[in-house]
Amino acid sequence: MRRLLILHCGPMKTGSTVIQDALKFHYQALLDLGISFYHVRAKSIESDLKKILSLEELAENKVILLSSEFFCQKTPQFFRKALNGFSGECHAILVSRPLREIYPSLYLQNLKGSSKRITSFKYFLERQVEIDLMIPGNIGGQLMNAPVLDARLKEAGFQTHWMLYSRKSLIESFFRSVEEIAGIDLSQLPVTRLEMPSGLSPRRSLRMEFAGIARMVNYLNRLEIISDGIREKLFVMMLDMSGYFNRVFGVRSPLTRCQRQRCDEVDRL
């Protein structure tokens, strides 16, 4: 039997959490079709890969489907070592999204996430662009350079497959990509019905209007003036308000004209 390993590699802020939630929702239906899904965590990515491949050696599943946006941060050498002994085909699915959308989303995620960012968006944008334009040998951190990602995965022995980000059709496009790679008909999967995100879920986004307040909350939290519990409650309130504003005013780009031009220049590169 031809074995397939498919990695969903993100990158960051391209709907990875939604795709992972959809895969969890369809876990049993996919397994019945011979597709074994695992969500690989960032902190245990190497050990998880070894455990998964060891478990799958005895299984009869045609497809091993792994998802982690942190695969993008790994080198070809890491993959060759981690996948040593796997004799099937290796494929990687990546999602392309305009940097004018990715950079603000990543910044706002960093505000409400564990990094507790306190720097301005202007500083973050220039620093992130600098990182993403570095030559391949010096790349580290959150990588958004699509040509470099593609080259690194191909060097590791993967066939790469790119899809465009779309809020409305992301899940359908992803399953269609898996279907084309694996040659398995997924059209009979039930309609994906995900629960509405709550709390500090990665699927909830702040609006840039709250960035200043968020930075102040993080600063006070770092000084231990505000506890982690109070910080979380304040961020949930800001997320609730962001959701309300999105419904009333719609989702708008938080970038200035110059910032949009800067993002588009990097995208063209």
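**A buried glutamine and its surroundings in a predicted fold**

With a relative accessibility of 16%, Gln259 counts as buried, a label given to residues under 20% relative accessible area, while exposed stands for over 50% and partly exposed for what lies in between (1.4 Å probe, protein chains only). The model shown here is a predicted one, in which local features need pLDDT of at least 70 and side-chain atom pairs count only at pLDDT 80 or more, whereas totals for chains, interfaces and linings use all residues. Residues are numbered from 1 along each chain as its sequence is written, and side-chain values use heavy atoms, with hydrogens and water left out.

Gln259 belongs to helix 11, which covers residues 257-268. Helices (H or I, at least four residues) and strands (E, at least two) are DSSP runs, numbered from the N terminus. The side chain of Gln259 comes to 3.0 Å from the backbone nitrogen of Thr256. This is a polar contact, defined as a pair of N or O atoms within 3.5 Å; within protein, one must be able to donate a hydrogen and the other to accept it, and residues adjacent in sequence count only if both atoms are side-chain atoms. Apart from neighbours within four places in sequence, Gln259 is in contact with Phe121, Leu125 and Pro254, where contact means heavy atoms within 4.5 Å.

The secondary structure of the protein chain amounts to 11 helices and five strands. For 269 residues, a compact globule would have a radius of gyration near 18 Å, and the 20 Å of the protein chain agrees with this. That radius is taken over C-alpha atoms, and the globule rule is 2.2 Å times the number of residues to the power 0.38. The C-alpha trace spans about 55 × 40 × 35 Å along its principal axes. Of the 269 residues, 45% are buried. Among contacts between residues at least 6 apart in sequence, 76% join residues at least 24 apart.

The surface and the charges complete this overview. The protein chain has an accessible surface of about 14,400 Å², and carbon and sulfur atoms hold 53% of that surface. Such areas come from the Shrake-Rupley method with a 1.4 Å probe; for residues, only the protein chains shown count as cover. The chain carries 38 positive and 28 negative charges, whose mean positions are 6 Å apart. Here Lys and Arg count as positive and Asp and Glu as negative, while His and the chain ends are not counted. Each charge is placed at NZ of Lys, CZ of Arg, CG of Asp or CD of Glu.

The peptide bond leading from Gly10 to Pro11 is cis, with omega near 0 degrees. Lys13 sits in the loop between strand 1 and helix 1 as well. Its phi is near 60 degrees, a positive value in a residue other than glycine, and Lys13 is buried, at 16% relative accessible area. Helix 1 itself (residues 16-25) includes Lys24, which counts as partly exposed at 40% relative accessibility. Not counting residues up to four places away in sequence, Lys24 touches Phe37, His39 and Arg41. Lys24 and Tyr38 are 14 residues apart along the chain, with 8.6 Å between their C-alpha atoms.

Further along, Val63 is placed in strand 3 (residues 63-67) and is buried, with a relative accessible area of 0%. Once neighbours within four places in sequence are set aside, the contacts of Val63 are Leu4, Ile6, Gly34, Ile35, Ser36, Ala182 and Ile184. Val63 and Val148 lie 85 residues apart along the chain, and 26 Å separates their C-alpha atoms. Val148 is one of the buried residues of helix 7 (residues 146-155), together with Leu149, Asp150, Arg152 and Leu153. The cover over these buried residues includes helix 4 (76-82), strand 4 (89-96) and strand 5 (159-164). After helix 7 comes Gly157, with a positive phi near 100 degrees.

Lys116, in the loop between helix 5 (99-112) and helix 6 (121-132), has a positive phi near 50 degrees, in a residue other than glycine. Met196 is part of the loop between helix 8 (170-182) and helix 9 (211-222), and is exposed, with a relative accessible area of 72%. Met196 and Cys263 are 67 residues apart in sequence, and their C-alpha atoms are 31 Å apart in space.
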